[in-house]
Amino acid sequence: MILETERLYLREMNQSDFEALCKTLQDKDTMYAYEGAFSDDEVFQKNSGKMFPYRCDILQKNITM
């Protein structure tokens, strides 16, 4: 867990989030600013941190500032 409030539970993403992530990143209307939807492989790369290397320690540092 990264952050928990009465109304929010924020945690680091993991492989069980892949299907939900695909629904967003593969929707052409949602991803218009990225010039289109992503393939399964591109979504997997994002989820494994190769394209969006967000780390919970960076998020925690920003939250406490």
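Visitor: Which exposed residues sit on the face of α1 turned away from its buried side?
Guide: That face carries E19 and K23. Exposed here is over 50% relative accessible area, buried is under 20%, and partly exposed is in between, with a 1.4 Å probe and protein chains only. Before we go on: this is a predicted model, where local features need pLDDT of at least 70, side-chain atom pairs count only at pLDDT 80 or more, and totals for chains, interfaces and linings use all residues. Residues are numbered from 1 along each chain as its sequence is written, and side-chain values use heavy atoms, with hydrogens and water left out.

Visitor: OK, and which residues of α1 are buried?
Guide: L21, C22 and L25. Looking down the axis of α1, they fall within an arc of 105°, so they line one face of the helix. That arc is taken from the directions from the helix axis to the C-beta atoms.

Visitor: Which residues make up the largest nonpolar core?
Guide: Six residues: L21, C22, L25, M31, F38 and V43. Three of them come from α1, the largest share. A nonpolar core means buried Ala, Val, Leu, Ile, Met, Phe, Trp, Tyr and Cys residues joined through side-chain atoms within 4.5 Å.

Visitor: What does M31 touch?
Guide: Leaving out residues up to four places away in sequence, M31 touches T24, L25, G36, A37 and F38. A contact is heavy atoms within 4.5 Å.

Visitor: Switching topic, how many helices and strands are there?
Guide: Three helices and two strands, in the order β-β-α-α-α along the sequence. Those are DSSP runs numbered from the N terminus: H or I of at least four residues for helices, E of at least two for strands.

Visitor: And how much of the chain is buried?
Guide: Buried residues are 15% of the 65 in the chain.

Visitor: Where's D17, and is it buried or exposed?
Guide: D17 is in the loop between β2 (9-10) and α1. D17 is buried, at a relative accessible area of 15%. Not counting residues up to four places away in sequence, D17 touches R11 and E12.

Visitor: What about phi of E35?
Guide: Phi of E35 is near 65°, a positive value in a residue other than glycine. Most residues other than glycine have a negative phi.

Visitor: Where is E35, and is it buried or exposed?
Guide: E35 is in the loop between α1 (18-25) and α2 (40-47), and E35 is exposed, with a relative accessible area of 78%.
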